[in-house]
Amino acid sequence: MSVATTQPTASSVRSDALRVTEIFHSIQGESSRVGLPTVFIRLTGCPLRCTWCDTEYAFHGGGTIPIDAILAQVAEFHCTTVCVTGGEPLAQKNCLPLLVALCEAGYSVSLETSGALDIGGIDPRVSRIMDIKAPGSGETTKNRWENLDLLTAHDELKLVLASREDYEWAITACHQHRLFERCPVLFSPVQGQLEAGQLAQWIIDDKLPVRFQLQLHKVLWGNTPGR
Ligand SMILES: C[S@@+](CC[C@H](N)C(=O)[O-])C[C@H]1O[C@@H](n2cnc3c(N)ncnc32)[C@H](O)[C@@H]1O
Ligand SMILES: Nc1nc2[nH]cc(C(=O)O)c2c(=O)[nH]1
Ligand code: SF4
Ligand SMILES: [Mg+2]
């Protein structure tokens, strides 16, 4: 379901509201939860501009919705698994109480984040999928490396790679920051920029302890908003 794009007046905005681009029911296409029917809450806005971002439509617009109304929309899908994404979800302060409310309501919750913002203070029941930005994204300087110390085995680290240079940078980062010891590590090709079979072969050749990822929803439906 897409969210109305009407502009709220200041007096109509509740203090626990969030700016939301879309709430939809699909198949999880990323992370180790891939394949699970999932409700997605896509929050609006992002302070990064990854060169290859497939979700630029979430940078602006959206509708302003209080947390209880978001929960009511999610409940309509009768699905126990929820993914909060964006945009960059942590750019809105009310993302933290939204995550608590979803956990309290009994959902199994994951959060997709660039890791450019502090991941402290997130409800520990949430599985954090933290994406470290490689040079091809143009946003490496935004990586907040101190976030790594907060990750647990319940979380996942992700590297989305555009080239052989990104791949080699990622291996160096994994060793320098002991990423393999922190939580599962995912390597994924930038869609349309790095050939998936090529990345898979490099991972095999180098015997890397990472999980290769393709965006399953794009195999199913292409790059369609709300999928
Ligand atoms: C749209 S982002 C939203 C969450 C957060 N801003 C982040 O970057 O993790 C969700 C995921 O999609 C990935 N993604 C975006 N564009 C992509 C592309 N062209 N190919 C592969 N993955 C992409 C991001 O790297 C991220 O892991
Ligand atoms: N089906 C589907 N799975 C996803 N997993 C993470 C997504 C995202 O955009 O963050 C996403 C998405 O946009 N669609
Ligand atoms: S951080 Fe995420 S939403 Fe923001 S530009 Fe990068 S991939 Fe897109
Ligand atoms: Mg997506």
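Predicted model: local features only at pLDDT ≥ 70, side-chain atom pairs only at ≥ 80, totals over all residues.
For sorting residues by class, Ala, Val, Leu, Ile, Met, Phe, Trp, Tyr, Cys and Pro count as nonpolar, Asp, Glu, Lys and Arg as charged, and the others, Gly among them, as polar.

Let's start with ligand 3. Its surroundings are made up of Cys46, Leu48, Arg49, Cys50, Cys53, Thr55, Gly86, Gly87, Glu88 and Ser114. Sort that shell by class and you get four nonpolar, four polar and two charged residues. The cysteines Cys46, Cys50 and Cys53 belong to this shell and fall on the nonpolar side of the count, while Gly86 and Gly87, also in the shell, go down as polar.

Now move over to ligand 1. Here 18 residues make up the surroundings, and Asp54, Thr55, Asp131, Val160 and Gln191 are the closest. As for secondary structure, strand 5 (108-113) and strand 7 (156-161) are the elements that supply two or more residues to this shell. By class, the shell around ligand 1 comes out as five nonpolar, eight polar and five charged.

Helix 1 (residues 67-75) and helix 2 (residues 95-104) have axes that come within 10 Å and cross at roughly 45°, which means helix 1 is oblique to helix 2. The crossing is right-handed. Helix 1 brings Ile67, Ile70 and Leu71 to the contact, and helix 2 answers with Pro97, Leu98 and Ala101. That gives six nonpolar residues in the contact, with no polar and no charged ones.

How values were computed
Residues numbered from 1 in each chain as written. Chains lettered and ligands numbered in written order. Axes fitted to C-alpha atoms, helices over the stretch in contact; angles between N-to-C directions. Helix = DSSP H or I, 4+ residues; strand = E, 2+ residues; numbered from the N terminus. Parallel < 35°, antiparallel > 145°, perpendicular 65-115°, else oblique. Left-handed = near helix turned anticlockwise from the far one by under 90°. Contact = placed C-beta atoms within 7 Å. Near = placed C-beta within 6 Å.
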